[in-house]
Amino acid sequence: MDKLVVANWKMNPASRAEAETLAAGYRTQVPRATGVQVVACPPMPYLALLHDLTPAIQLGAQDVFWEESGAHTGAVSPLQLKNLGVSWVILGHSERRAAGETDENISKKMEAAQMNSLRTILCVGESAELHAQKAPAIEKFLHTQLDNGLARLKDPSLLVICYEPIWAISAQSGGTPDDPADAMDRIAHIKQYIATKFNNITPPVLYGGSVSAGNAHNFFKYAAIDGVLVGAASLDATAFKGIVQSAVNAVTASPVAYLEKE
Ligand code: PGA
C-alpha cells in the first residue's frame with residue numbers, strides 16, 4: 001500500500017501571492033517517489049491556482065456539498081471539484097464538526113463525493129476529555145463516528161480514514177502529537193473494526209495531529225500507519241518536504257511489524 005502525505009492548509013495563507021510562493025516551494029522541494037502519494041488541500045479559492053502551478057501534486061478540497069448543482073448559495077459541489085482536477089476531499093475534520101458539521105451531513109457528502117469519483121478522507125478522533133478515559137470509551141466513540149460517517153459508503157476503494165485525536169492538533173491549546181505506538185494501536189483497532197463491520201474492507205488509515213519534519217519518521221516506521229494528515233507544518237515547504245522525505249525513507253526501509261510496540 002502506498003504511503004500518503006496529505007497537506008491541510010486550513011484557512012491559510014491570506015493572499016494569492018503567499019499561496020503561489022508556497023506552491024512554488026512544494027514544486028521545487030517536495031520529493032517524488034514510487035510508493036508515496038502527496039496530496040495538497042488548499043482553501044477553495046486556491047484550488048485552480050495549485051492545479052496550474054503544481055501539476056504533479058494531487059489536489060484535495062477541505063470540504064464539499066452533497067448536491068451536484070443548483071440553488072445552494074455558498075456551496076461547492078463534488079462535480080465542480082472533479083471538473084477542476086481535484087481528486088480528493090477531506091470530510092468530517094474536527095474543526096468542521098466544531099463549526100456544526102453533523103454525522104448525517106458527512107455521510108451525504110461522502111456518498112456524493114464518491115459518486116463523482118473523489119477519494120474521501122473521513123476524519124475521526126476523540127476529545128481531550130474522552131482521551132482521559134479508558135480505551136473502551138474512546139473506541140465506542142470512534143465506532144459511532146465510523147458507523148455514522150460510513151452510513152452511505154458508495155465505493156470502499158475511494159475511502160481513506162484519518163485518525164486525528166482533537167487534543168493532538170497543533171492549533172489546540174497544549175496540542176501535542178500522540179505517542180506513535182499508541183496511534184498505531186488505535187489505527188490497528190480502527191482497521192479491525194472496519195473490516196469486521198463493513199464486509200472486510202481495508203481502507204488506508206492515516207494519523208493526524210502535530211506531525212512535523214522532526215517526528216514524522218516515528219509514525220512512518222509502523223506499517224499499520226498508512227500516512228499522515230499535516231496541518232501547520234504543511235504551510236512551510238521545507239518542513240513539508242521533510243515529512244514527505246520520511247515517507248520516502250519508510251517505503252525503502254522495512255517498517256516495524258503490524259502490532260509491535262517499540
Ligand atoms: P496539525 O493539524 O498538523 O497542525 O496538528 C492537523 C489537522 O488538523 O489536520
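Which residues is Trp167 in contact with, leaving aside its neighbours within four places in sequence? The partners of Trp167 are Glu126, Ser127, Ala128, His131, Gln172, Gly174, Gly175, Thr176, Pro177 and Asp178, where contact means heavy atoms within 4.5 Å. The structure is a predicted model, in which local features need pLDDT of at least 70 and side-chain atom pairs count only at pLDDT 80 or more, while totals for chains, interfaces and linings use all residues. Residues are numbered from 1 along each chain as its sequence is written, and side-chain values use heavy atoms, with hydrogens and water left out.

Trp167 lies in the loop between strand S6 (159-163) and helix H8 (180-197). Helices (H or I, at least four residues) and strands (E, at least two) are DSSP runs, numbered from the N terminus. Trp167 counts as buried because its relative accessibility is 14%; buried means under 20% relative accessible area, exposed over 50%, and partly exposed in between (1.4 Å probe, protein chains only). Along the chain, Trp167 and Glu126 are 41 residues apart, yet 7.7 Å separates their C-alpha atoms.

We can turn next to the helices. Helix H1 (residues 16-29) has 14 residues and spans 20 Å from its first C-alpha to its last, close to the expected 20 Å at 1.5 Å a residue; the expected span is 1.5 Å times one less than the number of residues. Buried in H1 are Ala19, Leu22, Ala23, Gly25 and Tyr26. These residues sit on the same side of H1 because they cover an arc of only 155 degrees around the axis, the arc being that of the directions from the helix axis to the C-beta atoms. Thr21 and Thr28 are exposed, on the face of H1 turned away from its buried side. The buried residues of H1 pack against strand S1 (3-8), strand S2 (36-41), helix H2 (47-53) and helix H10 (237-252).

H10 has 16 residues and reaches 23 Å from its first C-alpha to its last, close to the 22 Å expected. Its buried residues include Ala237, Phe240, Ile243, Val244 and Val248. Among the elements covering the buried residues of H10 are S1, H1, S2, helix H9 (216-220) and strand S8 (227-230).

The largest nonpolar core has 68 residues, of which Val5, Tyr26, Ile161, Ile190, Tyr207, Phe240 and Ile243 touch the most other members. H10 supplies the largest share of this core, eight residues. A nonpolar core is a set of buried Ala, Val, Leu, Ile, Met, Phe, Trp, Tyr and Cys residues joined through side-chain atoms within 4.5 Å. A second, separate core of twelve residues includes Val39, Cys41, Cys162 and Leu229. Not counting residues up to four places away in sequence, Ile161 touches residues including Leu122, Val124, Leu146, Ile190 and Leu206.

In strand S4 (residues 88-91), Trp88 and Ile90 point one way and Val89 and Leu91 the other, and all are buried. Strand S3 (residues 58-61) runs parallel to S4 and is joined to S4 by two bridges, with Trp88 as the bridge partner of Gly60.

Finally, the cysteines. A search of the whole structure finds zero disulfides, a disulfide being a pair of cysteine sulfur atoms within 2.5 Å. For Cys41, the closest cysteine sulfur is that of Cys123, at 9.4 Å, too far for a bond. The sulfur of Cys123 is 4.7 Å from its closest counterpart, in Cys162, again too far for a bond. Cys41 counts as buried at 0% relative accessibility, and Cys123 counts as buried at 2%.

Note on methods: Two strands pair if DSSP finds at least two bridges between them.
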